[in-house]
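Here's a guided walk through the model below. Keep the viewer open and follow along helix by helix.

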Amino acid sequence: MRFLLSCKQAHQMVSEGMDRRLPFSARTRLQLHLSMCKACTNFNQQMQSLRQAMRELPRHLGSDQRQDPP
Ligand SMILES: [Zn+2]
């Protein structure tokens with residue numbers, strides 16, 4: 001396994017990291033790539049702010065906790 005990630009791999013990891021916690025080794029490699037790559041740092045920040053925005057959406061927009069009005 002190559003230690004250095006390609007940008008494509010880094011993007012994949014950032015996306016996966018949104019849904020589940022990455023293994024320590026994966027996170028370390030991702031952090032290393034982010035420390036060297038401005039493009040992926042920007043991508044990572046966009047994903048983080050996107051996730052933050054999703055959290056702040058009103059709950060009734062979520063499909064899993066549907067609440068019909070009386
Ligand atoms: Zn990159």
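Around the buried residues of α3, the cover includes α1 and α2, where contact means heavy atoms within 4.5 Å. The helices here are DSSP runs of H or I with at least four residues, strands are runs of E with at least two, and numbering goes from the N terminus. This is a predicted model, so local features need pLDDT of at least 70 and side-chain atom pairs count only at pLDDT 80 or more, while totals for chains, interfaces and linings use all residues. Residues are numbered from 1 along each chain as its sequence is written, and side-chain values use heavy atoms, with hydrogens and water left out.

So which residues of α3 are buried? They are C40, F43, N44 and M47, with buried meaning under 20% relative accessible area, exposed over 50%, and partly exposed in between (1.4 Å probe, protein chains only). Looking down the axis of α3, you'll find its buried residues within an arc of 100°, so they line one face of the helix. That arc is taken over the directions from the helix axis to the C-beta atoms. The general rule behind this kind of pattern is that an α-helix has 3.6 residues a turn, so residues three or four places apart point the same way.

As for length, α3 has 19 residues and reaches 27 Å from its first C-alpha to its last, close to the 27 Å expected at 1.5 Å a residue; the expected span is 1.5 Å times one less than the number of residues. Zoom in on N44 in α3: its relative accessibility is 16%, which is why N44 counts as buried. Leaving aside residues up to four places away in sequence, N44 touches V14 and L34.

L34 takes us to α2, where the buried residues are A26, R29, L30, H33 and L34. Down the axis of α2, its buried residues fall within an arc of 140°, so they too line one face of the helix. They pack against α1 and α3. On the face of α2 turned away from its buried side sit the exposed residues F24, Q31, S35 and M36. The 13 residues of α2 (residues 24-36) should span 18 Å, and its end C-alpha atoms are 19 Å apart, which agrees.

Now for the metal. What coordinates the zinc ion? C7 (SG), H33 (NE2), C37 (SG) and C40 (SG) do, at 2.0 to 2.4 Å; donors are N, O and S atoms within 2.8 Å of the metal (3.2 Å for Na, K and Ca), and water is not among the atoms, so sites may look incomplete. The angles among the four donor atoms are 102 to 114°, and the site is tetrahedral, a label that requires all angles of four donors to lie between 85 and 135 degrees. C7 lies in helix α1 (residues 7-19) and C40 in helix α3 (residues 38-56), so the pair ties together parts that are 33 residues apart in sequence. C7 counts as partly exposed because its relative accessibility is 38%, whereas C40, at 1%, counts as buried.

Stepping back, the protein has three helices and zero strands, in the pattern α-α-α along the sequence. Of its 70 residues, 23% count as buried.

Note on methods:
Tetrahedral: all angles 85-135°; square planar, octahedral: opposite > 155°, others 65-115°.
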